[in-house]
Amino acid sequence: MSDAPRVLFWRHGRTTWNVEKRFQGQTDIELDPVGHAQAERAGRLLATLGPDVIVASDLKRAADTAGYLSRASGLAVEYDKGLRERFGGSWEGLTADELSRRWPVEHARMDIPDGENISEVGDRMTAAVERGIAKTPAGGLLVIVSHGAAVRVGISRMLGIPDERRELLGPLSNCCWSVLQRRGPEWRLMEHNAASLPEPVVLSDDA
């Protein structure tokens with residue numbers, strides 16, 4: 001087995017605000033019934049991968065999602081506020097249509113006037129991931145349970161993609177996940193927006 005660690009980023013299950021296309025940010029919204037069903041199904045699948053460490057945002061929608069994996073795997077969840085969603089200031093609770101009408105230029109760029117700067121999200125996400133990796137054994141699997149925007153900037157940082165170009169990565173659907181694995185000094189994106197078990201991938205491109 002390779003000594004290279006793997007990091008699986010798992011977005012929380014669906015909420016009513018997801019359905020209504022409301023900006024959630026750090027508002028502590030709960031999973032809806034569909035979100036609970038998504039998390040239960042995904043938790044059973046991900047448990048078969050044998051995770052070594054589970055670290056989740058302490059916001060309820062992510063914490064409850066992580067709980068399904070914890071119960072399926074028998075592994076306790078650790079919580080890290082560094083994995084919270086981007087703080088959205090006055091945008092939180094508003095729909096996408098409302099935001100595009102009130103802040104057409106800013107919304108197109110996701111430039112929240114009184115919200116958290118993307119660079120700050122990237123800094124705290126990567127720091128939280130590094131804390132998780134430090135607890136993960138060689139060749140082990142770290143599961144990070146977090147939020148759509150925060151996960152995208154965290155993955156981008158790990159891949160060396162500038163924060164302002166994070167849109168190069170497609171979004172993560174509710175309760176889907178992405179897998180990164182280190183190869184030498186760099187991280188590689190092995191799976192993105194997956195809803196089924198990651199397939200084994202040969203690390204050598206010429207094999």
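Predicted model: local features only at pLDDT ≥ 70, side-chain atom pairs only at ≥ 80, totals over all residues.
Q: At what angle do helix 2 and helix 3 pack, and how far apart are their axes?

A: Start with the two axes. Helix 2 covers residues 33–47, and helix 3 covers residues 60–73. They pack at an angle of about 40°, with their axes 8 Å apart.

Q: Why are helix 2 and helix 3 called oblique to each other?

A: Angles under 35 degrees count as roughly parallel, and 65 to 115 as roughly perpendicular. Helix 2 and helix 3, at about 40°, are therefore oblique to each other.

Q: Is the crossing of helix 2 and helix 3 left-handed or right-handed?

A: The crossing of these two helices is right-handed.

Q: Which residues make the contact?

A: Helix 2 brings H36, A39, E40, G43, R44, L46 and A47. Helix 3 brings D64, T65, Y68, L69, A72 and S73. By class, this contact has six nonpolar, four polar and three charged residues.

Q: How do helix 6 and helix 7 cross?

A: Look at the angle again. Helix 6 spans residues 118–134, and its axis comes within 8 Å of the axis of helix 7. The two cross at roughly 75°. The range for roughly perpendicular is 65 to 115 degrees, so helix 6 is roughly perpendicular to helix 7.

Q: Which residues of helix 6 and helix 7 meet?

A: On helix 6 they are I118, S119, V121, G122, D123, M125, T126 and V129. On helix 7 they are A150, V151, V153, G154, R157 and M158. Eight residues of this contact are nonpolar, four are polar and two are charged.

Q: How does the lining of the largest pocket divide by class?

A: The lining has 13 nonpolar, 10 polar and nine charged residues.

Technical notes: Residues numbered from 1 in each chain as written. Heavy atoms only, no water. Axes fitted to C-alpha atoms, helices over the stretch in contact; angles between N-to-C directions. Helix = DSSP H or I, 4+ residues; strand = E, 2+ residues; numbered from the N terminus. Parallel < 35°, antiparallel > 145°, perpendicular 65-115°, else oblique. Left-handed = near helix turned anticlockwise from the far one by under 90°. Contact = heavy atoms within 4.5 Å. Nonpolar A, V, L, I, M, F, W, Y, C, P; charged D, E, K, R; others polar.
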